[in-house]
Amino acid sequence: MSNTPAFDLPSDQGGKDIGVFLPIANGGWILSTNTPRLDGSYEYNRKVALLAEEAGLDFIMSMAKWRGYGGVTEHWRHSLDSQILMAALAATTKRVKVWTTVHTLLQNPAVTAKMIATLDHVSGGRAGLNVVTGAYKDEFDQMNAWRHDVSHDQRYDLATEWIHIIKQLWSEPSVNFDGRYFKMHDCQSDPKPVSKPRPFLICAGTSGRGMQFTIDEVDAIFCGGKDDAETAKTSRQAKEMARKAGRCIRTYTMMTLVIGETDQEADARVEHYRAGFDEGAFRGMMRAYGFLDTEIGKENAFTANARSSFMARYMAGSPPRIAKGLIQLLEAGDLDGVMLIFPDYLQGIRVFADAILPQIRTHFPPGGAGAAHAA
């Protein structure tokens, strides 16, 4: 769509954006005692970032986390700060996009505008902002930061004011804003970001109100689902809503890759991880999201995945099976990209770069058919 801004990504010209969800907390994205050790350290994440850049991946992104889930693995107890980490990795890398996460309930928009503008300067125009509006009730309550007076849909009203202020501070000399949740009085924020038209914006809101916010305000949406069909449905729904609004939204999904030399070896690894399922960490995760009230659980696609040890959808197999599966997923859902998770990032990215990524790049060349984001 011609009115869609370009962000120097393959999806600008019909290619696919391939990135990595950094392991900034111990345990990674599998709730198991049997996975390779991920310590969430800066040194490990620095190696992952440099490897992602060397491999030709398009972006690295980190979550924001303040409390772990417990269990025998003490899952996610140790976590790095997303914004400071990405600034450090921005100075370490040269090409890969660096996307950080901010929770709208925790950080003032003027503070966020300054921090992301700084990240944009440090990275030379490679900054991105993943906007998260809530969900972590138990985690926020520990610091008295959960807004019990703000409902699910109202959190998106708050986020709308929040992102409007940030966009104005990135483009205007002074901002006055009189909203329900935020007020700005001759608020100034300089220097402005260096990237054009501005830093990249992402969100994962897929509820009715969440998807509308995402389509109205940001550049890409993360689409979840229990299988390819559900993910494709969410992606196509978002694109249709954006089309009706006169916009064009990039749709991404998240996928854990368990790669083996053979399909059988990869399947065996999956079963090994499942055999070490950390039930205590799973229950801690459900409490953090407000899915547990004393002993009563609430099931959805996210928790259904985690019940099998994997916190995100996974794909297992040899490189040919993984390549075929990812290509089918991207095509079926008209997805613009995928953010990858690995049980062992250093090994996984190397295999992915050598044996899988070239097939995806060949199948979806920028400028080829379906270049929906040409600027």
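Buried means under 20% relative accessible area, exposed over 50%, and partly exposed in between, with a 1.4 Å probe and protein chains only. The model is predicted: local features need pLDDT of at least 70, side-chain atom pairs count only at pLDDT 80 or more, and totals for chains, interfaces and linings use all residues. Residues are numbered from 1 along each chain as its sequence is written, and side-chain values use heavy atoms, leaving out hydrogens and water.

**Exercise 1.** Is S82 buried or exposed, and which side chain does S82 join in a polar contact?

Solution.
1. S82 lies in helix α2, residues 82-92 (helices are DSSP runs of H or I with at least four residues, strands are E runs of at least two, both numbered from the N terminus).
2. The relative accessibility of S82 is 3%, so S82 counts as buried.
3. The side chains of S82 and T100 are joined by a polar contact of 2.7 Å (a pair of N or O atoms within 3.5 Å; within protein, one must be able to donate a hydrogen and the other to accept it, and residues adjacent in sequence count only if both atoms are side-chain atoms).
4. The S82 side chain also reaches the backbone nitrogen of T101, at 3.1 Å.

**Exercise 2.** Which residues have the most contacts inside the largest nonpolar core?

Solution.
1. A nonpolar core is a set of buried Ala, Val, Leu, Ile, Met, Phe, Trp, Tyr and Cys residues joined through side-chain atoms within 4.5 Å.
2. The largest one has 111 residues, and L257, Y345 and F352 have the most contacts inside it.
3. Helix α5 (residues 152-171) supplies the largest share of this core, nine residues.
4. A second, separate core has seven residues, including A266 and F310.
5. Leaving aside neighbours within four places in sequence, Y345 is in contact (heavy atoms within 4.5 Å) with residues including V20, W29, Y44 and L340.

**Exercise 3.** Which residue caps the N-terminal end of α9?

Solution.
1. The cap is D278, with a side-chain oxygen 3.2 Å from the backbone nitrogen of G280.
2. Within α9 (residues 279-288), the buried residues are A281, F282, G284, M285, M286 and A288.

**Exercise 4.** Why does the radius of gyration of the protein chain agree with a compact globule?

Solution.
1. The radius is taken over C-alpha atoms, and the globule rule is 2.2 Å times the number of residues to the power 0.38.
2. For 375 residues a compact globule would have a radius near 21 Å; the protein chain has 20 Å, which agrees.
3. Of the 375 residues, 55% count as buried.
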